[in-house]
Protein chains: 4
Amino acid sequence: MSSTYNGGIKLSLFGESHGKGIGAVLDNLPGGEPIDLDKIGEFMARRAPKKDGTSTTRSEKDIPEILSGLYEGKTTGTPLAAVIFNSDQHSGDYGNISHIARPAHADYTGYLRYNGANDPRGGGHFSGRITAPLCFAGAVCGQILERRGIITGAHIRSIKDVCDEPFDPVNITAKQLEQVRSRPFPTLSENAEQKMREMINSARMAQDSVGGVVECAAVGFPAGVGSPMMEGLENTISRLVFAIPAVKGIEFGIGFGCTELFGSENNDEFSLDNGKVVTITNNHGGILGGISSGMPIIFRVAFKPTPSISQPQNSVDFKTSTEEQLIIKGRHDPCVVPRAVPCVEAALNIALLSALLEQPLLPGEV
Amino acid sequence: MSSTYNGGIKLSLFGESHGKGIGAVLDNLPGGEPIDLDKIGEFMARRAPKKDGTSTTRSEKDIPEILSGLYEGKTTGTPLAAVIFNSDQHSGDYGNISHIARPAHADYTGYLRYNGANDPRGGGHFSGRITAPLCFAGAVCGQILERRGIITGAHIRSIKDVCDEPFDPVNITAKQLEQVRSRPFPTLSENAEQKMREMINSARMAQDSVGGVVECAAVGFPAGVGSPMMEGLENTISRLVFAIPAVKGIEFGIGFGCTELFGSENNDEFSLDNGKVVTITNNHGGILGGISSGMPIIFRVAFKPTPSISQPQNSVDFKTSTEEQLIIKGRHDPCVVPRAVPCVEAALNIALLSALLEQPLLPGEV
Amino acid sequence: MSSTYNGGIKLSLFGESHGKGIGAVLDNLPGGEPIDLDKIGEFMARRAPKKDGTSTTRSEKDIPEILSGLYEGKTTGTPLAAVIFNSDQHSGDYGNISHIARPAHADYTGYLRYNGANDPRGGGHFSGRITAPLCFAGAVCGQILERRGIITGAHIRSIKDVCDEPFDPVNITAKQLEQVRSRPFPTLSENAEQKMREMINSARMAQDSVGGVVECAAVGFPAGVGSPMMEGLENTISRLVFAIPAVKGIEFGIGFGCTELFGSENNDEFSLDNGKVVTITNNHGGILGGISSGMPIIFRVAFKPTPSISQPQNSVDFKTSTEEQLIIKGRHDPCVVPRAVPCVEAALNIALLSALLEQPLLPGEV
Amino acid sequence: MSSTYNGGIKLSLFGESHGKGIGAVLDNLPGGEPIDLDKIGEFMARRAPKKDGTSTTRSEKDIPEILSGLYEGKTTGTPLAAVIFNSDQHSGDYGNISHIARPAHADYTGYLRYNGANDPRGGGHFSGRITAPLCFAGAVCGQILERRGIITGAHIRSIKDVCDEPFDPVNITAKQLEQVRSRPFPTLSENAEQKMREMINSARMAQDSVGGVVECAAVGFPAGVGSPMMEGLENTISRLVFAIPAVKGIEFGIGFGCTELFGSENNDEFSLDNGKVVTITNNHGGILGGISSGMPIIFRVAFKPTPSISQPQNSVDFKTSTEEQLIIKGRHDPCVVPRAVPCVEAALNIALLSALLEQPLLPGEV
């Protein structure tokens, strides 16, 4: 019912786009985990608006201020809280649209949900800005995972109809994931990058926007983690991924593609690789029955085109119940997908660390 | 971490395919709601194996025995528990495969997760049979929704490459939903039914299996229900849908298709229809910012081909760490999709009733 | 909001006094734990009505039927469900009082809470009978704890003004706990037993009832388990203990007595015992900051006198809003305390196992 | 497992005594509720150290900075976050005791729980300072309750053996609660205040400390709110009250006193008061079966003497495993009870608002 995730990790996200600050409280982290704040900053910088024409020109420093939970550079195990104070607010840009619903935004639904009390400026709590503390949380969890050899990464699989190469679901390596996530525009193929940039640019020129698909993977995650039914890895990952605004779909492994295969084609046969149980193909995306198989975890997420476009749109003033034409001003991303890449990784990091912590271990059993 | 869903409704599912019984406990239902047990039976019959060659010949009566929570035909408001005793068990069929991992099943991952202690017979708790109590729970929730004018329904959108007509995302009616869900083979087009049956039959003949897509919708759900971030309608629906074995993807509204549109094409413009705020198109699937818009809620779910096929498959005995060839005996569905249709509806019903109950209302505020 | 506990262990209790059955679903248990059903039966027999005049003459066999979660005598790790079918129902006894509120019962509050829909027969879900599945769940958890050297037990500390000797909070042993809980009337002193039996008997003769205090302890629980603030051991134990009807208070260690001491008297000084950190006294009851100290965990629980007495009482028919005199028929305990002893142990067992399972361990860290 | 409460209200508390800041995130508040920040400040000032010799001389301004969730003076319905930056830190005072366990503190247990990683300065997250954000949260909830005629208040029932008059459990009024909570030293009797101040002062002079009992009540809470078993009002209130450091016991209504009464004495007979169902006595404390009866809710909480005393104490250095004598420096309360009064109210406010929000209402049902 809320902005609180309550699994092995408990995560409470707060803030509004044009309020005083946004942030996160991470509860139930293991204690004594070194956290490298510079790397947190690098992770979050990947989500920050770019200077290259692919995103909004709003410039937030987005440096999280740690309020608690870190002592001498390590997690204390008690709640880790961080706040990012909003600084670059142009509230005036939003003054005239507060009751004309922006299409594909949550203005109208949020107004109904909160009886008109929610903060309408820049989408309020519905703003994509709340993914900054999500990325903070994900970056923290990511460092704890990496220390255990679990590496996650994502790339832009497509922007509109321009596709990058897919991850190799069987052979993808930690090194490849680290490489792609360090790229300013995270694609595997430089050729795809070039075409995607052109696509985004042409959308921007046309006062339009485009969406795309993010593909995300994890390697090194131990087999046997997760649960059947309600709290499986797919349940948890999807629940966290849908916390990112603009997500409209998620698929694991071969995903919707499996519906066009015969069972004999889709089934991943098992074999042994130096004594380790592996599957020869990885259509299942590393998860069977909600539980990790030891194969790379792999999934794709659909992001809709940025709802905010500068073209005139027909809409409704939901306070006066009149039809109105709407022109959205302000600074907007012609495409959120490049900035969404670390958000998807963050959601995965939180889900994976949560799943590890939820495993019912008793002393003497690990 | 479990088979327990803990939202506005609390649902605990239990049971193993070849254990004594399977069942559900539904906590936090509103009190005084009449429950029609015959209609529950009809709902569950839609999930039961068919006699028409499209599914397993295992025959479970699957009549839920209500243990508590129902008094004089109405919910008491205290936990509603039901059990279905297993009767038609052929455990012997599974004797010889207990440690050779069936591809695309959870045998290996479940074994690791529970240190070898889980019930391996017929998949144990990972069996599709546990969707019977899920359907029970969904049928109960569905009756409570229907009394408030909220109607849900689903159809088979595709089996392999054979497609049914899609739901009309804007104009779909309660009547259409009720009609399609009453059909023995739930498609909108009879022609599609015919071709899908042929597809399933030819897979069965080839000792193979096929998957497909289920499309599900709700009409009459009030606008303004749900939440941003972690507990939005998409988060909750997807979390519950991934509780159904064999699901590999979910998409809302136009779903992955939105990634190929411009923002100007994807955005659903608002307008007024007799004073009511509506959208002219419904690419958003009735959910914006995690909250219902008042338009039909619509989503699609990908089901993989039944993992159990009779062809020889390569695999591994994960206890002895030897590569083995596997031949699966027993009775299996060549396609789970027709029986999955009510399961998806059930997940939606639980999610929608949960969301309604989670709305923070204070006395005097409704 | 419900009868569901959702910690490391997830426990869903269901049933009504005169419905078809009552039971429990335990989710997230560790897999592979041997469960001795005979010992479960012994534990539950301690809660069953006695033939010695101290309790109701209602005779329920109360043999739990395991529906799932147990395979070849061991927990599967997937949900463990059990049902106890109600057999000895005298619903007629309750026919004439359904809308005259029995004082100190939940008839009136339950009626309001569920808009009159709850099952009124014998208290419905509010009945003390629902402690039978609580004891089942506690007995299961207790066996898992015992295997790790954690022993719990309770005794009757007082009945009205008749007191038993207290547990020695520092030196109490597993053997003493095992001994006292095996006694038909669990007191440390036989003299106290005699006087308590007389007290209960004289209350029964006077058509009246008495309450008392249960003292409960655990030894062998490892130091360092629990959490500050909301999910400490005291929070969790008290939350579960208040699930037992008739509980009106709980105190840990020296409890309310600490308010009459100076800090210099109440503080438990630390010392070393063969290298192990101990406290010389145990006023803190084995819990500091919500976390176990390694000293015995000890607390006391106040039970009110049985509300059902045969004397005429003034009350109100809350349906007709008229004042009425009430005479309660049926079979009732003149004192619930002897039967409450295993219920308190059960609540403790569930709390302690939950706390152990909630400890955030990562692979390699135990 | 944590500092997060997850009921109708979701509350995440964070911070350490000598860290950068402490705070709270309140999720799932109703939207559109006016919040008077001055009154919040007054509430929190009641918890702040006094200048009258009864408490520590540490001086924190403790002005919460609202980061989100408040817009134009009203709750937005999205998470309300507040931070209190720590300013008056004397970390040096704690430098030399970090591994010698202070008796009755959580130094040793916290060290074990977090593998030595928790912040040891001033108790870190175990500090009573974390009750400041608890009070903030309680003050916010209290304003929402008051708008609906629900008034809560508490007084010091006893300090050591000095007692105040008790609340009248039947006739206590909103006005009396408002009066007592506005007193600088909240007792009903001025004579008791005088004697309690003397008691605290003499303890301070003797380098010692004292504890006491806080009695808390609510009037105007509607009948029929709460739940049986796990999530009743007693379960929830006690769970939240035990989040306050130094609490060792809680009792509702007549509490432990009920164990010394016959049922015929303890049972509260029902009657009609101008057509309203009431009880003539209120031994049950306004809660029956976990659900409110409409009578005043009343309970008492035991607080131990402040653990920090200046006298030498025997203890153990748990890092070197050596017995050591300990002398605690720094500023400490000789008695926490006066400052604990608003903390108990805060816990009650959160519990009551949570319970109201958890009531399963469907549109059209209030």
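The model is predicted, so local features need pLDDT of at least 70 and side-chain atom pairs count only at pLDDT 80 or more, while totals for chains, interfaces and linings use all residues. Residues are numbered from 1 along each chain as its sequence is written, and chains are lettered from A and ligands numbered from 1 in the order in which they are written.

**Helices α3 and α8 of chain B**
- The axes of α3 (residues 131-146) and α8 (residues 337-358) of chain B come within 7 Å and cross at roughly 50 degrees; axes are lines fitted to C-alpha atoms over the stretch in contact, with angles from 0 to 180 degrees between N-to-C directions.
- Helices here are DSSP runs (H or I, at least four residues) and strands likewise (E, at least two), numbered from the N terminus.

**D:Pro166**
- D:Pro166 lies in the loop between β9 (162-163) and α4 (174-181) of chain D.
- It counts as partly exposed because it has 15 C-beta neighbours inside 10 Å (20 or more would be buried, 12 or fewer exposed, with C-beta atoms placed from the backbone).
- D:Ser189 is 23 residues away from D:Pro166 in sequence and 9.6 Å away in space, C-alpha to C-alpha.
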